[in-house]
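Please look over the structure below and read the briefing that follows.

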Amino acid sequence: MFIRHWMDCDIQVTHGRLRDWIIFKRRVGNLPNKDTGEVMYNLNYYSRAILLDGVTTMPTTHDDEVEFMFIIAGQGSIKAGDEERELRDGTSLRIPAGCSHVITNTGVEELEMLTMRRPSKPEDEKFELHNWREAGHSGQGHWYHIYKGPFVGFHSGTIPPRKISEPHGHHPNFDELWYIYKGQGWHWMGRELHPQYPGWALWLVPEETHSLINPSDEPIEYIYIAG
């Protein structure tokens, strides 16, 4: 497994005014590079980003990549093509390749989010936005994962106190990333056991058996992506 805190990562400005800490990137060649974060197989870019209050990004288009975002905190709005929607914590969205978009922080605090980009697929042609509070996006799996959804690139979930999720693995060349934003736990993979706290993002080796363990008396709130 590879684990990095966003504060230890390189920062750049994207979308004209979005402060973007790059946590993981697509690997170059066959081997991962834990020092640069170039570990992913299929995803190009994974970051934690903020937009300051009252700020609007520049119109931005990614010609060959679809972009996903998950709002961790704050409130704002996005205009993507001809659509304009509100943003708040728990919102997950997909911006198709070639779609010009602008994000505005309409609140009084930072708009905090995770972002991810990957090569576009045929099913990515439509702009889509959901919030986990909408009906039909909840569920449960791997014993104790309480999925709050929605699966638009990212989903959020909870692991109850003193529970362990079902140990499992994935097929080769599979990217699985976890970001803890509330609570604390242990991520077990193979022979490794690593503490994971808010702000830490973790990429898992696909064929290794793994599980997220909550040894505390408080729920773990996480954001998950796989592809």
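A pocket is an open set of grid points with protein on both sides within 12 Å along at least five of seven lines, and its lining residues have an atom within 4 Å of a point. The model described here is predicted. Its largest pocket is lined by 17 residues, and eight aromatic pairs are counted in the model.

**The largest pocket**

- Rolling a probe the size of a water molecule over the atoms shows where empty space is left.
- In the largest pocket, this space comes to about 250 Å³.
- Of the 17 lining residues, Phe68, Arg118, Lys121, Asp124 and Ala226 lie nearest the centre of the pocket.
- At least two lining residues come from each of strand 11 (111-119), strand 14 (145-152) and strand 22.
- Strand 11 gives the largest share of the lining, with three residues.
- Sorted by class, the lining holds eight nonpolar, six charged and three polar residues.

**Aromatic pairs**

- A pair of aromatic rings is described by the distance of the centres and the angle of the planes.
- The count of such pairs in this model is eight.
- One of them joins Tyr46 and Phe154, with 6.4 Å from centre to centre and 40° between the planes, and this pair is tilted.
- Tyr46 belongs to strand 5 (residues 45-51) and Phe154 to strand 15 (residues 154-159), so their pair ties together parts that are 108 residues apart in sequence.
- Both Tyr46 and Phe154 are buried.
- Another pair, Trp178 and Tyr224, is edge-to-face, with centres 4.8 Å apart and planes at 65°.
- Because Trp178 is in strand 17 (residues 176-182) and Tyr224 is in strand 22 (residues 220-226), this pair ties together parts that are 46 residues apart in sequence.

**Charges over rings**

- Arg27 has its charged end over the ring of Tyr41, at 4.0 Å from the ring centre.
- Lys148 lies over the face of Trp132, and the distance to the ring centre is 4.5 Å.

Terms used. Residues are numbered from 1 along each chain as its sequence is written. This is a predicted model: local features need pLDDT of at least 70, side-chain atom pairs count only at pLDDT 80 or more; totals for chains, interfaces and linings use all residues. Side-chain values use heavy atoms; hydrogens and water are left out. Rings of Phe, Tyr and Trp (its six-membered ring) pair if their centres lie within 6.5 Å; planes under 30 degrees apart count as stacked, over 60 as edge-to-face and the rest as tilted. Helices (H or I, at least four residues) and strands (E, at least two) are DSSP runs, numbered from the N terminus. Buried means under 20% relative accessible area, exposed over 50%, partly exposed in between (1.4 Å probe, protein chains only). A charge sits over a ring if NZ of Lys or CZ of Arg is within 6 Å of the ring centre and within 35 degrees of the ring normal. On a 1 Å grid over the protein atoms alone, a cavity is a set of points where a 1.4 Å probe fits but cannot get out, and a pocket is an open set with protein on both sides within 12 Å along at least five of seven lines; lining residues have an atom within 4 Å of a point. Grid points are joined across faces, edges and corners, and a volume is the space filled by probe spheres set on the points. Ala, Val, Leu, Ile, Met, Phe, Trp, Tyr, Cys and Pro count as nonpolar, Asp, Glu, Lys and Arg as charged, and the others, Gly among them, as polar.
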